[in-house]
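Subject: Model for your files

Hello,

Here is the model I said I would pass on.

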Amino acid sequence: MSILESMRIHVGKSSSPQCDVAAREAIQAALRGADAPSFALVLCTDQYDAGCLASTARRELGDIPWAGCCAAGVFADNELLLQGLVVALFCGRDFRVGVGLG
């Protein structure tokens, strides 16, 4: 089995206007049913406070490494959110990710 065959992606989203609520809802939805999460990609619109988002994501994701960015809008499946947060959680026992800053 290849790495791509054993990798799964769980997606969660929220359009709550409150940063901590949106982050918690989206992350908890992505974590639901996730087995062996290796990495989280957190994408949000630019209405949210970056400090609030980072602290909530750290608390909710625990030891799962993550990275993210903000933009004027984010996509969740075929839906464009002009205010919202989307979390893609990459899962798989044979899938490894490292996060760095350069």
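This is a predicted model: local features need pLDDT of at least 70, side-chain atom pairs count only at pLDDT 80 or more; totals for chains, interfaces and linings use all residues.

Strand β2 (residues 37–45) runs parallel to strand β3 (residues 66–71), and the pairing covers 6 bridges. Within this pair, C44 lies opposite C70 of β3.

The largest nonpolar core consists of 18 residues, and L53, L61, L85 and V87 have the most contacts inside it. At least two residues of this core come from each of α2 (19–31), β2, α3 and β6 (85–91). Helix α2 gives the largest share, with 6 residues.

Two single residues may be worth a look. L89 is located in strand β6. Its relative accessible area is 1%, under the 20% cut-off, so L89 counts as buried. Between the C-alpha atoms of L89 and A54 there are 16 Å, with the two residues 35 apart along the chain.

F75 belongs to strand β4 (residues 74–76). F75 counts as exposed because its relative accessible area, 58%, is over the 50% cut-off. On the surface, F75 forms a nonpolar patch with L80 and L82, and together they have about 340 Å² of accessible area.

Regards

How values were computed. Residues are numbered from 1 along each chain as its sequence is written. Side-chain values use heavy atoms; hydrogens and water are left out. Two strands pair if DSSP finds at least two bridges between them. Helices (H or I, at least four residues) and strands (E, at least two) are DSSP runs, numbered from the N terminus. Patches are made of residues with over 30% relative accessible area and no salt bridge: like charges are joined within 9 Å, nonpolar side chains (Val, Leu, Ile, Met, Phe, Trp, Tyr) within 5 Å. Accessible areas come from the Shrake-Rupley method with a 1.4 Å probe; for residues, only the protein chains shown count as cover. A salt bridge is a side-chain nitrogen of Lys or Arg within 4 Å of a carboxyl oxygen of Asp or Glu. Buried means under 20% relative accessible area, exposed over 50%, partly exposed in between (1.4 Å probe, protein chains only). A nonpolar core is a set of buried Ala, Val, Leu, Ile, Met, Phe, Trp, Tyr and Cys residues joined through side-chain atoms within 4.5 Å.
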